[in-house]
Amino acid sequence: MTDILKQIISRDPWEREYHQAVREMVDSIGPVLARQPHYAAAAVLERITEPERIVTFRVPWVDDRGKVCIHRGYLVEMNSAIGPFKGGLRFHPSVNQGILKFLAFEQVFKNALTTLPLGGGAGGTDFEPKGRSDEEVMRFCQSFMRELYRHLGPHTDIPGGDIGVGAREIGFLFGALRKLDNQFTGALTGKGLQWGGSLFRAEAAGYGCVYFAAEMLMTRGMGLADQVCLVSGSGNVALHTAEKLIALGAKVVSLSDSSGHIYDPEGLDAEKLQFVKVLKNIRRGRIREAADRFPGISYTAADADSEVNPLWRHRADCVFPCATQNEIGEQDAYSLINNNIKLVCEGANMPCTSEAIDIFLGKNILFAPGKAANAGGVAVSGLEMVQNSMRLSWLGSEVDERLRIIMRAIHNRCLETAAAYGTPGNYLNGANIAAFVRVVDAMLDQGVV
Ligand code: NDP
């Protein structure tokens, strides 16, 4: 284990996800450190792994029964060397400082890959919006923003959504921010189309992920048409990944939530997908209900005791994990390999464990890390910020075209960098090295700050 990892683990031993994210980066950048000895001399790893700032705060609010509830809020501002902090806000009971540090760390490099002038951060809370009334979610968002607003601004920190923070939450958060700030700035992204949002922002992470997968398949003379695809999750990223896959002629046979997954051997079509969109976004129901509605769809409950998640036992060509971190472990990876998959494209952040990634790379499976494959989300957030500052809105076709160009550019940068550093075809190394060099060079230009 490298000295920097030992130091990070001994300082914050409970932050497992953060250790994992740093380890994955450190494992890739050996060749860079060898070629650039001045990086180590300038302690770049020590600097880049220590957040510029972390804020934790109390979020008190009153539920519908009049009970006072207390949650913990966080803002991790990881690195602003190439632009203001930008990342997602996550509302989920599992949220803690280590998870937000991992998300913020990934975001630094993801944003660097887009070539937009954006630094990286993340925020969130252990509040669970699921099962709460709209009024409860509104009161929570208002209390959360009463502290967060001090740290936000279009040139300082501009968060967007992540797990548990969709259009409803962004609306309540933006309303509170605007009231507290007494100005209408674009210091949140994912806004509604009538009040500063961008067309295609909601679709961007999922669509971008599919554009990236299409580029990868093309390097091996293949396309997405007729490929059988497993998609996990049924949130923003998963549903838009499924939507674009179906539009490009692929056969999407699964979706999931934290309770279980649905499987449709015929492949989901536009009608079934629309049902799930309404189910998840408007009725706020569970994915199981899709199996009640459509006879051809089966439902399997999640099984925490099973070595292999039943979702990853199905036969498929391409795999799009779009739910959460570490949802594909070692045994899941073996199961997928035994079923002859060709490609794994991470829609979520860090959904594959390090062991699973090693198995995919060892078998020469096309593997795209989330920081490259799901960068379309932040890229279109960046385009939303541009439109806000210009006070205009681009057409959907214009945003989609820019998204395609950005995803192709990220894909090519990963491939070129991987080849230049002696690991051709390794998108993980390519993404890590290209992003790391961009951020580190900016830090070195700016001195020890
Ligand atoms: P959503 O909240 O919209 O959806 C999350 C989905 O994942 C839900 O189906 C949820 O199920 C499921 N899920 C959440 N936690 C778990 C868990 N512990 N085990 C199993 N399933 C779980 O989130 P997003 O779609 O926005 O985010 C999904 C992933 O994509 C995250 O890793 C996020 O960081 C990443 N991402 C998001 C971007 C965005 O713009 N939103 C951009 C780039 C990456 P349930 O309803 O049961 O909780």
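User: Hi! How far does a polar side-chain atom of lysine 130 lie from an oxygen atom of the ligand?
Analyst: Hello! This is a predicted model, and in it that distance is 2.6 Å.

User: Nice. Which backbone N or O atom lies 2.9 Å from an oxygen atom of the ligand?
Analyst: That one belongs to serine 234. There is also asparagine 349, where an N or O atom of the side chain is 2.8 Å from a ligand oxygen.

User: And how much of the ligand does the protein bury?
Analyst: The protein buries 83% of the 880 Å² that the ligand exposes when taken alone.

User: Which residues come nearest to the ligand?
Analyst: Lys130, Asp162, Arg201, Ser258 and Arg286 come nearest, out of 27 residues around the ligand.

User: How do the residues of that shell divide into nonpolar, polar and charged?
Analyst: The shell has 13 polar residues, 8 charged ones and 6 nonpolar ones.

User: Let's zoom out. How is the protein divided into domains?
Analyst: Domain 1 covers 1–50, domain 2 covers 51–183 and domain 3 covers 202–373. The ligand shell takes at least three residues from domain 2 and at least three from domain 3.

User: What about domain 1 and domain 2, how many residues are in contact there?
Analyst: On the domain 1 side there are 10 residues, in contact with 12 residues of domain 2. The centres of these two domains, taken over C-alpha atoms, are separated by 26 Å.

User: OK, on to the sheets. In what order do the strands of the mixed sheet come?
Analyst: The order is β1-β2-β4-β3-β5, and these 5 strands form an open sheet. At the edges are β1 (53–62) and β5 (160–161), each of which pairs on one side only.

User: How many bridges join β1 to β2?
Analyst: There are 10 bridges, and the two strands run antiparallel.

User: What sits between β1 and β2?
Analyst: The two strands form a hairpin with 5 residues between them. In the turn, glycine 66 has a positive phi of about 90°.

User: And in which sense do β2 and β4 pair?
Analyst: Strand β2 (residues 68–79) pairs with β4 (residues 120–125) in the antiparallel sense, over 6 bridges. Asparagine 79 has glycine 120 of β4 as its bridge partner.

User: Now the other sheet. What is the order of its strands, and is the pairing parallel or antiparallel?
Analyst: Here the order is β7-β6-β11-β12-β13, an open sheet of 5 strands with parallel pairing. Its edge strands are β7 (251–252) and β13 (366–368), and each pairs on one side only.

User: Last one: how many bridges join β12 to β13?
Analyst: Strand β12 (residues 343–345) is joined to β13 by 3 bridges, with the two running parallel. If you want a pair to click on, valine 344 stands opposite phenylalanine 367 in β13.

Methods:
Residues are numbered from 1 along each chain as its sequence is written. This is a predicted model: local features need pLDDT of at least 70, side-chain atom pairs count only at pLDDT 80 or more; totals for chains, interfaces and linings use all residues. Side-chain values use heavy atoms; hydrogens and water are left out. A residue is near a molecule or strand if one of its heavy atoms lies within 4 Å of it. A polar contact is a pair of N or O atoms within 3.5 Å; within protein, one must be able to donate a hydrogen and the other to accept it, and residues adjacent in sequence count only if both atoms are side-chain atoms. Accessible areas come from the Shrake-Rupley method with a 1.4 Å probe; for residues, only the protein chains shown count as cover. Ala, Val, Leu, Ile, Met, Phe, Trp, Tyr, Cys and Pro count as nonpolar, Asp, Glu, Lys and Arg as charged, and the others, Gly among them, as polar. Domain bounds come from an automatic or database domain assignment. Two strands pair if DSSP finds at least two bridges between them. Helices (H or I, at least four residues) and strands (E, at least two) are DSSP runs, numbered from the N terminus. Contact means heavy atoms within 4.5 Å.
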